[in-house]
Amino acid sequence: MTMTTKPYAESCDQNREPILSVIRPLFDDRQRVLEIGSGTGQHAVYFAAALPHLTWYTSDCAEYHDGIRLWLEEAALPNVRAPLPLDVARSEWPALDVDAVFSANTAHIMHWPEVEAMFAGVGRLLQAGGLFVLYGPFNYQGRFTSDSNARFDGWLKGRDPGMGVRDFEALQRLAVAAGMALQDDFPMPANNRILCWRRR
C-alpha cells in the first residue's frame, strides 16, 4: 500500500449489504458507534453513509490508520471520525460516550487473550442498554457449522496457531462476565453470524 492507494478487502464488498440489513434496525435508535478493528475502512464509510444519523468512530492498531484515512478522506462523510488507536489488549481504551460497539471478522483473528480483553473492554465502555454487535463465523457446541468453516479454521491455524473460529458458548461466557446479555443471534450468508449482546 502506498499513501495514494486505498487498501481493499473483497470480503467487505461481499458482506456489507447483508450486515447492513441486520444492523440498520439494531442501530435505528443509536447515536454513536465504535467500530473495533476497522481494517481497511470500507465498512465504516459504507455503513456511515447508509446510516447518517450515527456518528461512526473508527479504530484499529496504528499500522492500519493510513489506509482507513484514505477511505475516509475520499468519502468525506461528516459522521465518520478519524481512526483511534486501539489494540484491545494493550492500548488504553478511548474515553468515548457510545451506545453501540460493532466489530466484524476480528474474533477469529485475535488470539484468545485479546478476545477476552475485547469483551471486557466493551463491557466497561458501554452503559446500560448499549449494544455489542459481532460479525463472523462461530462454532456451536464445539462443532463447525459447515465444512467451509472447518477449512477456514485450518487455514487460520496454519497461519497462526493462536487464531481460529471461536465457540459461541465461550464468547457468551465472556459477555456474561462483562455484564452483557444475548439479545439476538442472526444467521448470515456464507456460514457467518451476527451476535448482538445488550449491556445490562
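Predicted model: local features only at pLDDT ≥ 70, side-chain atom pairs only at ≥ 80, totals over all residues.

Reply: A residue is called buried when its relative accessible area is under 20%, and exposed when that area is over 50%. Helix α2 spans residues 42-50, and its buried residues are Gln-42, His-43, Ala-44, Val-45, Phe-47 and Ala-48. An α-helix has 3.6 residues a turn, so residues three or four places apart point the same way. The cover over the buried residues of α2 is drawn from several elements, including the helices α1 and α3 (65-75) and the strands β1, β2 (55-60), β3 (80-85) and β4 (100-104).

Ser-103 is located in strand β4. Its relative accessible area is 0%, so Ser-103 counts as buried. Leaving aside residues up to four places away in sequence, Ser-103 is in contact with Ile-36, Met-118, Phe-132, Val-133, Leu-134 and Tyr-135. Two polar contacts involve the side chain of Ser-103. A polar atom of that side chain lies 2.9 Å from the backbone oxygen of Ile-36, and the side chain of Thr-106 is joined to that of Ser-103 by a polar contact of 2.7 Å.

The relative accessible area of Asp-29 is 53%, which is over 50%, so the residue is exposed. Its side chain makes a polar contact of 3.1 Å with the side chain of Arg-30. Between the C-alpha atoms of Asp-29 and Val-176, which are 147 residues apart along the chain, the separation is 23 Å.

These local views belong to a protein with 6 helices and 9 strands. Its radius of gyration is 16 Å, close to the 16 Å given by the globule rule for 200 residues, so the protein is as compact as a globular protein of that length. Along the principal axes, the C-alpha atoms fill a box of roughly 45 × 40 × 35 Å. Of the 200 residues, 50% are buried. Among contacts with a separation of 6 or more, 73% are between residues 24 or more positions apart. The accessible surface comes to about 9400 Å², and carbon and sulfur atoms hold 52% of that area. Finally, there are 19 positive and 24 negative side chains, and the centres of these two sets lie 4 Å apart.

Definitions and conventions:
Residues numbered from 1 in each chain as written. Heavy atoms only, no water. Helix = DSSP H or I, 4+ residues; strand = E, 2+ residues; numbered from the N terminus. Rg over C-alpha atoms; globule rule 2.2 N^0.38 Å. Buried < 20%, exposed > 50% of the residue type's maximum accessible area, 1.4 Å probe, protein only. Contact = heavy atoms within 4.5 Å. Areas by Shrake-Rupley, 256 points an atom, 1.4 Å probe, with all protein chains shown as cover. Lys, Arg positive; Asp, Glu negative; His and termini not counted. Charge placed at Lys NZ, Arg CZ, Asp CG, Glu CD. Polar contact = N/O pair within 3.5 Å; in protein donor to acceptor, adjacent residues only side chain to side chain.
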